[in-house]
Amino acid sequence: MGFKPLPAAIAIAIGLLIWFAIPVPAGVTANAWHLLALFVATIAAIIGKAMPIGALSMVAIALVALTGVTSDKPANAIADALSSFANPLIWLIGVSIMISRGIIKTGLGARIGYLFIAVWGKKTIGIAYSLALSELILAPVTPSNTARGGGIIHPIMRAIAGSYDSDPEHGTQGRIGRFLALSNYHANPITSAMFITATAPNPLVVKLIADVTGAKISLTWGTWALAMLLPGLVALALMPLIVYWLNPPEIKSTPNAAQFARDRLREMGPVTRGELIMLGVFGVLLGLWAGIPAFVFGPGAAIDPTTTAFIGLSLCLITGVLNWDDVIKEKSAWDTIVWFGALVMMATFLNKLGLIAWFAKSIEGGIGQLGLGWMGASALLMLAYLYAHYAFASTTAHITAMFAAFYGAGLALGAPALPFALMMAAASNIMMTLTHYATGTSPVIFGSGYATLGEWWKTGFVMSVVLILIWLVVGGAWWKVLGYW
């Protein structure tokens, strides 16, 4: 059987209930309401893991086309259902994931991690900062936060912990493993928040912001990176200290860790041709995404971010760092393109059909009656949006389900468009801190057994509060300096 019966039955029941049993509200068209039924059923199926998200997306595309909720003409309906596959943001994230394969294949990611540990690994806290800095360097060109935190950094962290016999199977995780595992994890949401290309759902946030504002707010890669730079760096500076305070390691000094990293670097040998090429591609991507051509030669020289990603992938293929088989086998990239395309399509048509505006108006009415003013109202919206993630096992599902309506409600209540967009974008990543199922990286690191469920949730909640305060205070002041409000 290709699906899990119970979560599939629940998702179908929810969809049928909305479609047939709940009357279409005043001000909402029947097509918009029926698309909502399909959308909510899809999100419920994703939360319940009724099928892999890519498979569910294929089913959703088929149902949108079959039911004609976007158009009465069958040819137009299937064209609408497939329309998002021409969206550049979808290909930006997919192609960037393909490029990140080169970081793993060449060993560049591991080398960067060991280099930092060789320099700062003499203290346990220094290892944590080394892991965080490695995350930061890799984040702009590693859109899979799971690949970055779980696939590149986590094996390095486990090797270091193992060298001090800090092993959950031996009951010695408290030596340094628990502290390093939680530091490994909590660097991941912070670096994900700092770049559009640091995690797959961020371009979805950009798309939803543009849709809600009628393209008046269109976040570029450079604008996002600059806005998140200072709060992100402050968060990375404080995170290991807070995790250290909450989960103090038994071993405070680790002189062997630096030697261990140097030994690993010696085993890796000299920097390879592939690593040098990846460094070059890394530099090209950052330069073009940051808008250097436009800065030097004028606006006419600007290169679209998705075009930049294709340039980077082309360089990897031409130089042989990646071959076509590598690209074909990068399942996470193709999977992301499929599910991202389907969810963006459904969210786009919910907006076009007026459902998001209606829902935002309903939220606005409820919160507006509290008389909080725009600051209190937008803070309440942001907190409700963020902590709703306890009910989600997918950041993508959460963002698709709630972001546009909550952002639109904040704007209607008077929140300044750009700062509120940035705060909601940050919250879309901060929410990853909360649980052991919050994002793909969570089960990888939690599953290694270094932290108990209670330790994970306690640290996650405290970090969520700290990160919210950093983005509100440091971020708010920084955006004021930048002239964003």
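Is W358 buried, partly exposed or exposed? W358 is partly exposed, at 26% relative accessibility, where buried means under 20% relative accessible area, exposed over 50% and partly exposed in between (1.4 Å probe, protein chains only).

The model is predicted: local features need pLDDT of at least 70, side-chain atom pairs count only at pLDDT 80 or more, and totals for chains, interfaces and linings use all residues. Residues are numbered from 1 along each chain as its sequence is written, and side-chain values use heavy atoms, with hydrogens and water left out.

Helices (H or I, at least four residues) and strands (E, at least two) are DSSP runs numbered from the N terminus. The expected span of a helix is 1.5 Å times one less than its number of residues. Helix α18 has 14 residues (355–368) and should span 20 Å; its end C-alpha atoms are 20 Å apart, which agrees. Its buried residues are L355, I356, A360, I363, E364 and I367. An α-helix has 3.6 residues a turn, so residues three or four places apart point the same way. The cover over the buried residues of α18 includes α2 (30–48), α17 (331–352), α19 (373–387) and α20 (395–412).

**Aromatic pairs**

The structure holds 17 aromatic pairs. Rings of Phe, Tyr and Trp (its six-membered ring) pair if their centres lie within 6.5 Å; planes under 30 degrees apart count as stacked, over 60 as edge-to-face and the rest as tilted. Two of the pairs are tabulated.

| Pair | Centre to centre | Angle between planes | Class |
|---|---|---|---|
| W33 and W358 | 6.2 Å | 85° | edge-to-face |
| W91 and F310 | 6.5 Å | 35° | tilted |

W33 lies in helix α2 and W358 in helix α18, so their pair ties together parts that are 325 residues apart in sequence. W33 is buried, with a relative accessible area of 7%. W91 belongs to helix α5 (residues 88–106) and F310 to helix α15 (residues 305–319), so this pair ties together parts 219 residues apart in sequence. W91 is partly exposed at 26% relative accessibility, and F310 is partly exposed at 39%.

**Core and contacts**

A nonpolar core is a set of buried Ala, Val, Leu, Ile, Met, Phe, Trp, Tyr and Cys residues joined through side-chain atoms within 4.5 Å. The largest one has 162 residues, and those with the most contacts inside it are M228, Y385, F403, W471 and W479. Its largest share, twelve residues, comes from α17.

Y385 and F403 also belong to one aromatic cluster, together with F406, Y407 and F420. Contact means heavy atoms within 4.5 Å. Leaving aside neighbours within four places in sequence, F403 is in contact with V205, L208, I209, Y385, H398, M424, A425 and S428.

L131 lies in helix α7 (residues 124–138) and is buried, with a relative accessible area of 2%. With neighbours within four places in sequence again left aside, L131 is in contact with I117, I153, I156, M157, L180 and N184.
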